[in-house]
Amino acid sequence: MRFNKKLSLLTIGVIVSLFTGCGGGGSSSDTKSASVTASDAYVVSLPTPATAECDGIDYNSTNVENGVITFNLPKSVDSSNCVYSIPKDAIVDIDGDGKLSEPDQTIRMPLKTKGAGTVANPLTTSALTKGDLDNFEKFKKFDPVKAKKHLLENPDDNKTAKLVASADAIAYLADEAKKK
């Protein structure tokens, strides 16, 4: 009886050691890279890895640099159908220097997007949560960092003028609402 118990424990130990590390690893020949941009300001640090949920399996991110979060996925996975999640308390680059520094802040909510090459922002998160796929299609390419940069670099551009006019109108309406 003792011999059988020891043998069973040894067998379990061997099986566990054989499967340790399965589920996301693999040589470079059987994986492909997929990435998403986490944006409100670009993410420069993650408290825990971001995840890509593909066909019911979670894969952890392998790198984050200037807001681009990279995943190594099996070649058999259709990365356009994966849901990418950026954890709450990821640190975003407030000063735009591309690295972790003093003014940077944490995101107070997890962000989600669907499909490699898209942007995860509060709009995509809300649309996915509500199942609003029409608006999600609009939001998944909106990058607030690039939009801000465009506004600053092109103050006389027609798009910039329309955005500024819209922002002024919203500010006016907000001020009027406060007065009531």
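A nonpolar core is a set of buried Ala, Val, Leu, Ile, Met, Phe, Trp, Tyr and Cys residues whose side-chain atoms join them within 4.5 Å. The exercises below concern a predicted model.

**Exercise 1. The core**

Find how many residues the largest nonpolar core has, and which of them have the most contacts inside it.

Solution. 
Step 1. The largest nonpolar core holds 19 residues.
Step 2. Those with the most contacts inside this core are C54, F71, L73, Y84 and I86.
Step 3. Two or more residues of the core are given by each of these elements: β1 (31-38), β3, β5 (68-74) and β6 (83-86).
Step 4. β5 supplies the largest share, which is three residues.
Step 5. As background, nonpolar side chains in soluble globular proteins tend to be buried together.

**Exercise 2. The salt bridge**

State how many salt bridges the model has, which residues form a salt bridge, and which parts the pair ties together.

Solution. 
Step 1. A salt bridge needs a side-chain nitrogen of Lys or Arg within 4 Å of a carboxyl oxygen of Asp or Glu.
Step 2. By this rule the count is one salt bridge.
Step 3. The partners are R108 and D89, and their closest N and O atoms are 4.0 Å apart.
Step 4. R108 is in the loop between β8 (105-106) and β9 (111-114), while D89 is in the loop between β6 and β7, so the pair ties together parts that are 19 residues apart in sequence.
Step 5. R108 has a relative accessible area of 65% and is exposed.
Step 6. D89 has a relative accessible area of 32% and is partly exposed.

**Exercise 3. Positive phi**

Give the phi of D55 and of D89, and the place of D89.

Solution. 
Step 1. D55 is not a glycine, yet its phi is positive, at about 55 degrees.
Step 2. D89 is a residue other than glycine, and its phi is also positive, near 75 degrees.
Step 3. D89 is placed in the loop between β6 and β7 (91-92).

Methods
Residues are numbered from 1 along each chain as its sequence is written. This is a predicted model: local features need pLDDT of at least 70, side-chain atom pairs count only at pLDDT 80 or more; totals for chains, interfaces and linings use all residues. Side-chain values use heavy atoms; hydrogens and water are left out. Buried means under 20% relative accessible area, exposed over 50%, partly exposed in between (1.4 Å probe, protein chains only). Helices (H or I, at least four residues) and strands (E, at least two) are DSSP runs, numbered from the N terminus.
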